[in-house]
Amino acid sequence: MSLTTALGIAQNALLTTARRTSIVSQNVTNASNPDYSRRSAVLSSDAPGVRVAEIRRAAAEALFRQNLAASSSWEAQKQLLAGLDTLAISVNGADNAASPATALGKLQEALQLYATSPSSATVAEGALDAARQFVHSLNNGSAQIQTFRTNMDVEIGLAVNDLNSLLADFEIANKSVIAARATGRDASDALDQRDAILKQISDHIPVSTFSRANDDMVITTADGATLFETRPRAVSFESTTAFAPGIGGKSVYIDGVPLRPDKNGAVSGRLASVVALRDDVATTLQTQLDEIARGAIAAFAETDRTGAGAPPLAGLFTWAGGPALPPAGTTTTGLAYSISLNPAFDSDVGGNPALLRDGGANGAAYVANPGGASYADLLIDYGDRLGDPIAFDPAAGLATNVSVTEFASGAIGWIEASRQTASNAEMTTSALKVRTAEALSNETGVNIDVEMSLLLDLEHAYEASARLIRTVDQMMATLLDVV
């Protein structure tokens, strides 16, 4: 081997070592970056010596896809749990103190007290005040539900805007990857950026991906709608200014196709969970409040005492369609929003609270008390009706043949059970996300110990190359002296 050849080998070794050292330094710098994949140098023989043929980026496609799915599921359950917590406190208050069930229980207690002192105007007024609180709990709960739905609608709009922005960023990153692959340049940074954006997209909506020539990536939703292919597909949504009972929310469209929930009924992705909160959870709770209102109106209805066959009419509680009673066994949408205290009983507007004891708010045919101040039969009858089973609409998601008080308690149980289910799912999906992230990091992340060990090896290689150059230099100097 000539001295010139030996010098060339040493120089190539120094250049290769410097390049590999730079790669290791980059790895160490990004050790805490979750969107960074480890780089490594691939060497090849190159006369004289070796060179860095390519910079290889660590990848684990299967683990990456599992992490995307786990992250999407966790985001959905986290959003669902937060929404249920907000809805429960808004409608029922802390510790359910403001719930219709609690207010109905207090009304029952006030009726029992009134039945023991039917001649007391003060006790009568107390019963009317309990009825006012019950009406307020239903009116306020219904209003809070509609406010919640409006807020969820705003969240959907913000998510859609963010999704469109992410897709635009993804297009830029995808073009960078394609260009790097086509020209043979290192695409590692562009791939990291593209994967980071894809993670954010999957937080909003579960995705599937596949790659074409030059790593050109195509993104589809879980139900097969194309989200990105060469260019972003439009994600559109028309917001609703304000919600009221019976008003449905608009759909989210991806390239003109409405977004649908997962085929197995599971909720995945933040966007789907917000839609579910707006259109499913909140509307079911509204139906439950409407059914509680219907049951209360029916329980306090006045009946014809003459035997003439006149229909029962709304008594203590009335509604927008009063004095006729709401249809039995089926939900009247918005009833909890429109239920009110019958003015005939309300002393605040000139009514007579004693009608609760005597009956007759709908005329003489509906008077129950023959005239005794100690008459309590009607008050006792009202309490019995609240405990008697009636038919409820299955759409409320609760038992269909129970008493009003049991149904109202069931509404609290339903939302608490939903919160518990969401909490358990959130913990499960959180653990799965952490585990998949750890597994992915083990395959593609940076291990500081390994990198520092490699850096030490490179330092030794550098010293060896430098020593070889010094030796060649000394030999050439000796040769020149001889000549």
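**Close-up views of the predicted model**

**T230 is found in the loop between β5 and β6.** Helices (H or I, at least four residues) and strands (E, at least two) are DSSP runs, numbered from the N terminus. The phi angle of T230 is near 70°, a positive value in a residue other than glycine. The model is predicted: local features need pLDDT of at least 70, side-chain atom pairs count only at pLDDT 80 or more, and totals for chains, interfaces and linings use all residues. Residues are numbered from 1 along each chain as its sequence is written, and side-chain values use heavy atoms, with hydrogens and water left out.

**Four strands form an open sheet in the order β3-β4-β5-β6, with antiparallel pairing.** The edges are β3 (207-211) and β6 (231-232); each has a single partner strand, so one side of each lacks a neighbour in the sheet. Two strands are taken to pair if DSSP finds at least two bridges between them. Strand β5 (residues 226-229) pairs with β6 in the antiparallel sense over two bridges. E229 has R231 of β6 as its bridge partner.

**D215 lies in the loop between β3 and β4 (217-221).** D215 is not a glycine, yet its phi is positive, about 65°. Its relative accessibility is 24%, so D215 counts as partly exposed. Buried means under 20% relative accessible area and exposed over 50%, with partly exposed in between (1.4 Å probe, protein chains only).

**An open sheet of three strands has the order β7-β8-β9, and the pairing is antiparallel.** At its edges stand β7 (235-237) and β9 (257-258), each with a single partner strand, so one side of each is left without a neighbour in the sheet. Strand β8 (residues 252-254) runs antiparallel to β9 and is joined to β9 by two bridges. I254 has V257 of β9 as its bridge partner.

**The peptide bond from G322 to P323 is cis.** Its omega is near 10°. P323 sits in the loop between β10 (317-318) and α7 (335-338).

Along its principal axes the C-alpha trace spans about 140 × 40 × 35 Å. Of the 483 residues, 44% are buried.
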